[in-house]
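I opened a new notebook page for this structure. The entries below follow the order in which I looked things up.

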Amino acid sequence: MESTQETLFSKALASYQSGTAATDLIKDFEAITEAAPNQSSGWICLAWLQLLCDQPEAALRSARIGVRLNGQDPQARINLSLALLETKSKGVRDQIDFVRQLLVTIPEIEKELKDSVDDGLKRK
């Protein structure tokens, strides 16, 4: 049986995928990260939404937490790279290099990452 946090996450993610505006989902993902602060996927999604909503400082904080919780997640690294760029912070190259290495070792994630970035560009 799914936990309450998993159910909230699944519903919020489904809302995003069905086209709900990022601004309408930030509160949901803030609640998810508050209820399950060690769940990396909540932080990774929250960072993405904050980037889409022009909240770079908040996105940087969320992205750093997402990477700290799951440093192997390429979307977490992409989010952190974008947040670092938006805030004119250092460390972008390290994140990009890590994603490049992941793409070499796990090439099937490339389409997923491209789709994610394309979706973000359409929404922004």
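**Entry 1: contacts along the chain.** I started with contacts between residues at least 6 apart in sequence in the protein chain, and 52% of them join residues at least 24 apart. I note here that the model is a predicted one.

**Entry 2: secondary structure.** I counted the elements next and got seven helices and zero strands for the protein chain. Read from the N terminus, the order is α-α-α-α-α-α-α. I then looked up the radius of gyration, which is 14 Å, close to the 14 Å that the globule rule gives for 124 residues, so the chain is as compact as a globular protein of that length. Along the principal axes, the C-alpha atoms fill a box of roughly 35 × 30 × 30 Å.

Entry 3: How much of the protein chain counts as buried? I found 42% of the 124 residues. The accessible surface is about 7,500 Å², and carbon and sulfur atoms hold 53% of it. For charge, I noted 15 positive and 18 negative side chains in the protein chain. The centres of these two sets are 6 Å apart.

**Entry 4: aromatic rings.** I searched the whole structure for aromatic pairs and found one. The partners are Phe9 and Phe29, and their arrangement is edge-to-face. I wrote down 5.8 Å from centre to centre and 90° between the planes. The pair links distant parts of the chain, since Phe9 sits in helix α1 (residues 4-17) and Phe29 in helix α2 (residues 22-35), 20 residues apart.

**Entry 5: around Phe29.** What does Phe29 touch, once residues up to four places away in sequence are left out? I listed Phe9, Ala12, Leu13, Gly42, Cys45, Leu46 and Leu49. I also took a distance from Phe29 to Asp54: they are 25 residues apart in sequence, and their C-alpha atoms are 16 Å apart in space.

Entry 6: Asp54 is not a glycine, yet its phi is positive, about 55°. I located Asp54 in the loop between α3 (40-52) and α4 (56-69). Its relative accessibility is 54%, and exposed means over 50%, so Asp54 counts as exposed.

Where is Lys88? I found Lys88 in the loop between α5 and α6 (92-105). Lys88 also has a positive phi, near 55°, and is a residue other than glycine. With 75% relative accessibility, Lys88 counts as exposed.

**Entry 7: Ser81.** Ser81 is in helix α5 (residues 74-86). Is Ser81 buried or exposed? The relative accessibility is 3%, so Ser81 counts as buried. Which residues is Ser81 in contact with, leaving aside its neighbours within four places in sequence? I noted Val92, Gln95 and Ile96.

Definitions and conventions: Residues are numbered from 1 along each chain as its sequence is written. This is a predicted model: local features need pLDDT of at least 70, side-chain atom pairs count only at pLDDT 80 or more; totals for chains, interfaces and linings use all residues. Side-chain values use heavy atoms; hydrogens and water are left out. Helices (H or I, at least four residues) and strands (E, at least two) are DSSP runs, numbered from the N terminus. The radius of gyration is taken over C-alpha atoms; the globule rule is 2.2 Å times the number of residues to the power 0.38. Buried means under 20% relative accessible area, exposed over 50%, partly exposed in between (1.4 Å probe, protein chains only). Contact means heavy atoms within 4.5 Å. Accessible areas come from the Shrake-Rupley method with a 1.4 Å probe; for residues, only the protein chains shown count as cover. Lys and Arg count as positive and Asp and Glu as negative; His and the chain ends are not counted. The place of a charge is taken as NZ of Lys, CZ of Arg, CG of Asp or CD of Glu. Rings of Phe, Tyr and Trp (its six-membered ring) pair if their centres lie within 6.5 Å; planes under 30 degrees apart count as stacked, over 60 as edge-to-face and the rest as tilted.
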